[in-house]
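Welcome, and thank you for taking a look at this one with me. Please have the sequence and the 3D view open while you read.

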Amino acid sequence: MESSVVRLTLHDQCVALLRDEIQSARWKDEMPSEAELVRELNVGRMTLRRALSQLAAEGWIALGGRGCRHRLKSRDGQRPIATGKRFRVLTPYRFSELGSSNHQLLNEAAERLGSAGYHLEIERHPGLFARFDPKVAQRLAALPGTAGWLLLYGTSEIQSWLASLGLPLVTAGLLVEDAPVSAVYPDTQAAGRHATGVMWSRGYRDLVYLVAKVTSVGDRRAMDAFIQEAARLGARARVVEHGGTMESIARAMCALLASRPQPTGFLVGCSHAAITVQACLQHAGIRIPTEAAVISMWHDVFLEFAYPPIARYRTDGRQMGRKAADFLLHQMQHGNGKVRKAPFIPEFIE
């Protein structure tokens, strides 16, 4: 049987003890002085202050100034206690639209959470990702039995909203700056830079990053890295969006192939779009890879059957799923505590 032992740091233990005391209503309006807490908890002042800062970030307390005690926030401002048995996956995509790495992630997370007595349910809401709607968000927040959230393809607004709910939360993707959220994610920035270098080394100088209009934080970071690396190397690079359908990808490719200078290097944000891009190039009589290059940011098994096979970046979805489930279970047991992050370096497949 596969098992995992979680070792709590002194900081985590201090946060958990203080949170328990607040929940038990031991103190009414203010906490004891820091000197009293140091003696009671038998910790150093720096450890205590880090724990207090964490509680303030979670909304339990308001830090006092010099010579003032830390105030307890009202119960309406406290973080809710997760008691449900359903972890909900929020995503804009159908399960069939997700790549094989994400299938592995969800299957592994469902199995690991299931062994602990929880269920994993997918909540697909593409409109919420295209344009954040507070009314839709409120309905989702009110779903009964919710233990926590796993966010797949998060925007900055959605990340901030889910973090404000106070339930266990893990993002499977990159975070907005300073978001107090645990995350597992492929290093798309590294992949974007690497893909630019690969195409440059093969002689391609006019590059395009083709990506769907609904983009995650990770997509945007990869796009920035792609443009910056191209500028550093002296290549011409641009980002072109499409609507996610085969027809919209084909229209974008027709416009690109009619433009001057005609792009020769194509970095594609998703695997199924890479197939359409390669088909459009072949239909136009452009030989691959001698006259143009195609690289997919995501892996899927069907890319191995394209001819020629499409270069791609593969991330171990099983490892990401195990880590995401471990983060969620740890938050269920010990509270949100400190933010944990687990980056994964994608493997480049020629």
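The numbered points below cover the background, one alanine and several salt bridges.

1. A word on the background. This is a predicted model, in which local features need pLDDT of at least 70 and side-chain atom pairs count only at pLDDT 80 or more, while totals for chains, interfaces and linings use all residues. Residues are numbered from 1 along each chain as its sequence is written, and side-chain values use heavy atoms, with hydrogens and water left out.

2. Let us begin with Ala 195, which sits in helix α8, spanning residues 188–201. Helices here are DSSP runs of H or I with at least four residues, strands are runs of E with at least two, and both are numbered from the N terminus. Ala 195 is buried, its relative accessible area being 0%. Buried stands for under 20% relative accessible area, exposed for over 50%, and partly exposed for values in between, using a 1.4 Å probe and protein chains only.

3. Who are the neighbours of Ala 195? Leaving aside residues up to four places away in sequence, Ala 195 touches Leu 267, Ile 295 and Tyr 313; contact means heavy atoms within 4.5 Å.

4. Next come the salt bridges, of which the structure holds 17. The term means a side-chain nitrogen of Lys or Arg within 4 Å of a carboxyl oxygen of Asp or Glu. One of them joins the side chains of Glu 97 and Arg 94, at 3.3 Å from N to O. Glu 97 is partly exposed at 37% relative accessibility, and Arg 94 is partly exposed at 43%.

5. Another salt bridge pairs Asp 326 with Arg 112, with 2.7 Å between the closest N and O atoms. This pair links distant parts of the chain, 214 residues apart: Asp 326 belongs to helix α12 (residues 317–334) and Arg 112 to helix α4 (residues 100–114). Asp 326 is partly exposed at 23%, whereas Arg 112 is buried at 14%.

6. Do look at Glu 347 and Arg 314 too, a salt bridge whose closest N and O atoms are 2.9 Å apart. Here strand β14 (residues 347–349) supplies Glu 347 and strand β12 (residues 311–314) supplies Arg 314, a link between distant parts of the chain 33 residues apart. Glu 347 is partly exposed at 41%, and Arg 314 is partly exposed at 32%.
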